[in-house]
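Here is a short briefing for a reader new to this structure.

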Amino acid sequence: MRIFKEEQRFNQTWIIVLIAVSAIVPLFVITKEYLDNPESFSTLEFIGSLAIILVASCFIFVFKLHTRIDEDGIRYKFFPFQLKFKLLPWNEIKTANVRTYDAITEFGGWGLKGGALWNKSKGRAINVSGDIGIQLQLKNGKKLLIGTQKKEEAIRVLEAYKTKLNTDV
């Protein structure tokens, strides 16, 4: 029995730098205003404003993509949007393979993407970084791409379960 497990987070350097810069500017402006004109708002409002900016800036680091492939099928969860794993049993999957993709041009970026606001022919994507994904074609015609940082391991596990894919429609 082969099992593939992966947990991914948004931890790219460019995201951290972008968020840090986006937080520093309003923190600086609010702090300067408070120090220059302490009557402009109360200490509680000042501390509350700083706390809101910091919490909002760190929120993206709560996101986690969990993937598990085992004898039952392929499970995924993109926390906090999905609190429980979604199972795609092998008998609902027409094809499953690992491929390279372009997150921006194919799906509009990283995260929970696709569907109504983007190129519907590509299906949906759930990803946090990189350009490698597990491409699923479901028997109901839908497509789903799940990002992975473990290309070789994903290929090996999908190959091991290839016989579970029922290609009858």
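Three bridges join β7 to strand β9 (residues 143-147), and the two run parallel. Strands pair if DSSP finds at least two bridges between them. Helices (H or I, at least four residues) and strands (E, at least two) are DSSP runs, numbered from the N terminus. This is a predicted model, in which local features need pLDDT of at least 70, side-chain atom pairs count only at pLDDT 80 or more, and totals for chains, interfaces and linings use all residues. Residues are numbered from 1 along each chain as its sequence is written, and side-chain values use heavy atoms, with hydrogens and water left out.

**Around β7**

- Ala125 stands opposite Leu145 in β9.
- Ala125 of β7 is also the bridge partner of Lys113.
- Strand β6 (residues 111-114) is joined to strand β7 (residues 124-127) by four bridges, and this pair runs antiparallel.
- Strands of a sheet pair through backbone hydrogen bonds, either parallel or antiparallel.

**The open sheet**

- Four strands form an open sheet in the order β1-β2-β3-β4, with antiparallel pairing.
- β1 and β4 (86-89) stand at the edges, each with a single partner strand, so one side of each has no neighbour in the sheet.
- From one strand to the next, the twist averages 15 degrees.
- β1 and β2 run antiparallel and are joined by six bridges.
- Glu6 stands opposite Thr67 in β2.

**His66 in the sheet**

- His66 sits in strand β2 (residues 64-70).
- His66 is buried, because its relative accessible area is 14% (buried means under 20%, exposed over 50%, partly exposed in between, with a 1.4 Å probe and protein chains only).
- Contact means heavy atoms within 4.5 Å.
- Leaving out residues up to four places away in sequence, His66 touches Glu6, Glu7, Arg75, Tyr76, Lys77 and Phe85.

**Helix α4 on the sheet**

- α4 lies across β1, β2 and β3, and runs at about 145 degrees to β1.
- Axes are lines fitted to C-alpha atoms, for helices over the stretch in contact, and angles run from 0 to 180 degrees between N-to-C directions.
- Ala154, Val157 and Leu158 are buried in helix α4 (residues 151-160).
- These residues cover an arc of only 100 degrees around the axis, so they lie on the same side of α4 (the arc is that of the directions from the helix axis to the C-beta atoms).
- An α-helix has 3.6 residues a turn, so residues three or four places apart point the same way.
- The cover over the buried residues of α4 includes β1 (4-9), β2, β3 (73-79), β5 (93-100) and β8 (132-138).

- Helix α1 (residues 13-36) has 24 residues.
- From its first C-alpha to its last, α1 reaches 34 Å, close to the 34 Å expected at 1.5 Å a residue (the expected span is 1.5 Å times one less than the number of residues).
- Ile15, Ile19, Ala23, Leu27, Ile30 and Tyr34 are the buried residues of α1.
- Those buried residues pack against α2 (43-58).
- Ser57 is in helix α2.
- Ser57 counts as buried, because its relative accessibility is 15%.
- Ser57 touches Ile19 and Ala23, not counting residues up to four places away in sequence.
- The side chain of Ser57 also reaches the backbone oxygen of Ile53 at 2.7 Å.

**A cis peptide bond**

- Phe79 and Pro80 are joined by a cis peptide bond, with omega about 10 degrees.
- Pro80 is in the loop between β3 and β4.
- Most peptide bonds are trans.

Definitions and conventions
A polar contact is a pair of N or O atoms within 3.5 Å; within protein, one must be able to donate a hydrogen and the other to accept it, and residues adjacent in sequence count only if both atoms are side-chain atoms.
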